[in-house]
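We will go stop by stop.

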Amino acid sequence: MEVENNATLPPPEGPVSQPLAFRDEEGELNLEFLAAAADAIEASDTERLRELVEDFHESELGDLLEALEPDHRPRLIELLGSAFDFTALTEVDEAVREEILEELETATVAEGVRELDSDDAVTILESLPAEEKAEVLEQLPAMERVALQRSLEYPEDSAGRRMQTEFIAVPPFWTVGQTIDFMRETPDLPETFYEIFVIDPAGHLLGAVALDRLLRSKRPITIQEIMDDEPDRVEATEHQEEVARLFERFNLVSAAVVDEANRLVGVILVDDIVDVLEEEADADIKQLGGVKPDEELSDTVFYIQRSRFPWLFANMCTAFLAAGVIRIFESSLQHMVALAILMPIVASMGGNAGTQTMTVAVRALATRELGRSNAWRIITREAAVGLLNGIVFAVIMGGLAALWFQSPEIGLVIGLALITVLIFAALGGIFVPLGLNRLGVDPAVSSGPFVTTITDIVGFFSFLGIATLWFKL
């Protein structure tokens, strides 16, 4: 009997099925997983769908939503029911989020928003049409509704839109022990917090106590004794980019958000700032390329075409200026075919050099690293870089052109032209953003066409002009 009881049971027949991985070894979405999720949605197999996504982080759930077909997205949310974390909707493109919300019942959206932190709830609510937004707010508890309505009244891209209205605030006369007991006994504390705020009866911000300092202090000590009476704070109407800069400069993890009367209305955390930095960097990169900041991969063909047309039209108009310069030297080009062959090289080198300097300048202006105090130093540095690069490439390209066309003179001409255009490209790449910024125009949006025009005109004029004079064409 003892031998029988200790005997190893035979393995089950057939191979043991392994759970499907959401991503493959290279980090790409697993097509087999996507197919399995789509099959479960089409079959309304709630149990299978929950098995597939039960351990998903909200960001992974957002990635899954974006990868699914549009008609499968709302079905996934409906099938998961209360198991679906609406925070995932803050992780998808705005266009995708709006499409999903259009298909969901108002009651479903209200139920999902009720479980979110206020900053995530605001992100979803601001994607809704006004009427549906009002309907969702009507179905929320009074205190939550008032807090969300107040956040939605602040300007878009302000600290008030980014803040969480859930925070811990205590009076200054409380002791450390009272505060700790209060946090232990209160069931609905914020999910994440780093400091305790100190307020007066009217809600004015008096100070803050970091959690580490609170936990290191003796229980009988009052909060007023250990609080920082100059806590990090931002105004609710302050632009999110300025708030992000404050966090970056002082290495903050949280900051109080106050209204115009210095009343505490919320708190902004570093995870929100990470999103802001990503959004602002994304917007700057897109604008440098002539793309609207709100363009997403999920947008329609016609929307993208309309948004990109003005920039391309502006480039076409400025290209006529460069064409006009070439027209001046038409007879020179007819007499010397080599000029027509080499001319694009000069323009291309100038355009790339100008774009390099412009990118650095625009980014430095955005981060406030470039200003009146160091502008001339940076201008001188960029001019020196342009000169050195010009000399190096003049030697390289001049030598190649001389060998190619068996003419040292053509090599000298293109070398002089490259030195000229690379210096002007460097200067244009920094003067244009600085000038636009001084005029109050966003340099990220408008610098490109101006810099391209300058480098093309200078490149063509210098190369063809020098060649015309040298060869007496």
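This is a predicted model: local features need pLDDT of at least 70, side-chain atom pairs count only at pLDDT 80 or more; totals for chains, interfaces and linings use all residues.

**Stop 1: the acidic patch.** Select Asp24, Glu25, Glu26 and Glu28. They form a negatively charged patch on the surface. Now centre on Glu25. This residue sits in the loop that runs between helix 1 (2-6) and helix 2 (31-42). Is Glu25 buried or exposed? With a relative accessibility of 86%, Glu25 is exposed.

**Stop 2: salt bridges.** Side chains of opposite charge can pair when their charged atoms come close. How many salt bridges does the structure hold? The count is 13. We visit some of them.

**Stop 3: Glu99 and Arg73.** Select both side chains. They make a salt bridge, with 3.5 Å between the closest N and O atoms. Glu99 belongs to helix 6 (residues 94-103) and Arg73 to helix 5 (residues 72-80), so the pair ties together parts 26 residues apart in sequence. Colour by accessibility next. Glu99 is partly exposed, at 37% relative accessibility. Arg73 is buried, at 8%.

**Stop 4: Glu279 and Arg162.** Move to this pair. Their closest N and O atoms are 2.5 Å apart, in a salt bridge. Which helices does the pair tie together? Glu279 is in helix 16 (residues 270-288), while Arg162 is in helix 11 (residues 159-162), so the linked parts are 117 residues apart in sequence. Glu279 has 37% relative accessibility and counts as partly exposed. Arg162 has 15% and counts as buried, because the cut-off for buried is under 20%.

**Stop 5: Glu242 and Arg245.** Select helix 15 (residues 240-250). Glu242 and Arg245 lie three residues apart in this helix, so about one helical turn separates them. Their side chains meet in a salt bridge, at 3.2 Å from N to O. Glu242 is partly exposed at 28% relative accessibility. Arg245 is buried at 8%.

Key:
Residues are numbered from 1 along each chain as its sequence is written. Side-chain values use heavy atoms; hydrogens and water are left out. Patches are made of residues with over 30% relative accessible area and no salt bridge: like charges are joined within 9 Å, nonpolar side chains (Val, Leu, Ile, Met, Phe, Trp, Tyr) within 5 Å. Accessible areas come from the Shrake-Rupley method with a 1.4 Å probe; for residues, only the protein chains shown count as cover. A salt bridge is a side-chain nitrogen of Lys or Arg within 4 Å of a carboxyl oxygen of Asp or Glu. Lys and Arg count as positive and Asp and Glu as negative; His and the chain ends are not counted. The place of a charge is taken as NZ of Lys, CZ of Arg, CG of Asp or CD of Glu. Helices (H or I, at least four residues) and strands (E, at least two) are DSSP runs, numbered from the N terminus. Buried means under 20% relative accessible area, exposed over 50%, partly exposed in between (1.4 Å probe, protein chains only).
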